[in-house]
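Hello,

Here is the structure I promised to hand over. Please open it first, then read my notes below.

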Amino acid sequence: MLPITRDRSDRSCGPMFVYTLVLFALALYLGLRYVYSYWARHGLPHLRPEIPYGNLRALAEKRESFGVAVNELYERSTYRVVGVYLFFRPAILVRDAHLAKRIMVADFQHFHDRGVFCDEHRDPMSANLFALPGARWKRLRAKLTPTFTSGQLRQMMPTFLDVSKKLLEQLEPLAAGGRVVDMRDIASRYVLDVIASVFFGFEANCLRDPEDPFIRTLEDINNPNSFMNNIRSAGVFVCPGLLKISGLSSLPPGMRRFAMEVVTRQIEHRERNPQERRKDFMQLLIDLRREADKTDESDDGLTIAQCAANVFLFYVAGADTSTGVISFTLHELTHNRQAMAKARQEIDAVLERYGGTISYESLQELTYLDLCVKETLRKYPGLPILNRICTRDYPVPDSDIVVREGTQVIIPLLGISRDEKYFPDAEAYLPERFDDQAPNYDPDAYYPFGVGPRNCIGLRQGIILSKIGLVLMLSRFEFEATIPQKLRFEPANVTLMAHGGLPMKITLRADRA
Ligand code: HEM
């Protein structure tokens with residue numbers, strides 16, 4: 001029998017493995033120290049990063065939402081511009097609202113892109129208006145802008161109002177029973193039904209059926225417990241390199257299929273049946289598909305994939321933002337009874353003048369409601385952070401700092417909007433601060449829809465649909481607070497969402513019964 005002997009190489013394998021591991025750990029540590037010394041090497045004041053979170057530990061540990069985590073960074077510094085790390089990515093946080101406005105408007109030629117993930121060939125759904133860079137963005141924006149005018153919006157009013165009837169049907173029995181209802185959930189379902197109808201061109205059933213695929217899809221996107229979702233959102237917004245290296249798509253495959261199927265079905269159906277024209281956004285896109293830019297040989301009009309990518313963007317961009325306007329306004333009004341009474345009196349008076357009907361014109365007369373919406377957007381900006389990437393070296397005015405091409409720039413909208421320096425008594429809800437007769441805020445620090453050429457293209461739609469929802473609800477129902485005014489926000493989300501929703505007691509208005 002042969003004696004059992006151990007191979008020499010086997011014996012040396014253990015220590016070798018340990019050496020390799022130690023070397024690897026050392027290389028990783030030194031690599032990370034190098035990454036996190038970026039701002040020190042560039043001589044910019046910066047916040048101390050933590051390996052491996054950079055300055056976003058609160059977000060990574062799901063203690064705070066993206067907006068609140070960045071707001072904390074805003075509050076921790078006093079510099080006009082300060083270096084931070086979004087995980088591994090160095091970025092500049094602009095803490096001066098006037099400089100931020102200048103970056104977005106006057107110095108736009110240095111900052112025309114957002115620097116988020118966009119790969120038209122591998123991932124056509126990522127190539128939407130929000131993400132496209134440079135000339136491709138400019139061309140698409142020019143094409144889409146005429147579909148977002150107030151004239152087009154006026155034409156879409158009947159479609160908006162049709163959905164609004166469903167909102168009343170849904171709320172009336174709940175109010176009759178004096179129930180406590182999560183008004184964030186109701187507002188979200190109303191907004192989704194409007195978006196389905198106005199943008200996708202079909203009737204969804206979110207208000208009546210909480211299992212409607214249109215709601216499920218948005219819930220999936222916002223699900224902070226999905227590991228893959230978190231990787232995807234981090235990849236889209238914070239580290240585009242993550243999606244490029246991993247080959248992951250910006251949207252989960254199921255969601256991509258859902259958007260493509262809905263849009264393809266609509267476009268093909270309407271192109272085969274031109275007599276079935278509807279006054280909605282899908283129809284405008286269909287018309288645009290045929291209108292290639294004659295001055296540009298490479299322009300063949302819009303492809304179905306481009307339509308799907310943008311309609312899906314409008315769904316995501318419009319849903320949580322408009323839901324926020326409606327539900328946070330209701331929340332604040334339940335805690336500000338005087339403001340509630342004033343808004344309601346105005347609505348009653350205007351509806352009476354217009355024979356009880358809501359129209360584009362009647363909405364323009366609701367000046368106090370407009371102040372409320374403005375104040376809601378200040379306290380709860382739909383997107384709590386704006387971002388740009390520097391596309392050409394930028395010497396920061398009145399300083400010796402130069403922002404280098406390729407640097408990510410973060411504008412902390414939530415931090416700016418709650419800064420006493422720009423908005424006195426910032427924690428309070430004071431619609432009157434926006435009154436033209438006695439303004440009490442810094443107008444150069446207020447841009448809830450962004451500013452400059454890259455601002456929100458759907459702002460009119462967002463405001464109109466929010467105001468219609470508010471007018472309907474405030475004219476019929478009484479809302480009472482069941483939670484404190486100060487809110488905590490759902491962690492790990494991009495938009496601001498109240499933790500636990502916005503439950504309110506709803507009853508029929510006694511004076512309207
Ligand atoms: C009250 C509701 C809304 C709020 C508060 C809001 C807010 C914003 C903000 C802050 C931005 C970034 C602007 C910037 O970076 O300067 C943005 C961009 C955008 N929003 Fe909205 N939004 C709302 C509704 C909508 C709706 C209904 C749509 C649907 C059409 C929409 C579509 C977009 C698009 C496509 C962009 C990117 C524009 C571009 O890069 O050219 N938004 N929005």
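Helices (H or I, at least four residues) and strands (E, at least two) are DSSP runs, numbered from the N terminus. This is a predicted model: local features need pLDDT of at least 70, side-chain atom pairs count only at pLDDT 80 or more, and totals for chains, interfaces and linings use all residues. Residues are numbered from 1 along each chain as its sequence is written.

The ligand first. Helix H14 (304-335) and helix H19 (459-476) each supply at least two residues of the shell around the ligand. H14 gives the most, with seven residues. The shell has 16 nonpolar, ten polar and two charged residues. Here Ala, Val, Leu, Ile, Met, Phe, Trp, Tyr, Cys and Pro count as nonpolar, Asp, Glu, Lys and Arg as charged, and the others, Gly among them, as polar.

Next, Cys 456. It lies in the loop between helix H18 (413-417) and H19. Is Cys 456 buried or exposed? Cys 456 is buried, because 20 other C-beta atoms lie within 10 Å. The cut-offs are 20 or more other C-beta atoms within 10 Å for buried, 12 or fewer for exposed, and partly exposed in between, with C-beta atoms placed from the backbone.

Last, a helix pair. The axes of helix H15 (residues 337-353) and H19 come within 9 Å and cross at roughly 100°. Axes are lines fitted to C-alpha atoms, for helices over the stretch in contact, and angles run from 0 to 180 degrees between N-to-C directions. So H15 is roughly perpendicular to H19, a term for angles of 65 to 115 degrees.

Best wishes

Key:
Angles under 35 degrees count as roughly parallel, over 145 as roughly antiparallel, 65 to 115 as roughly perpendicular and the rest as oblique.
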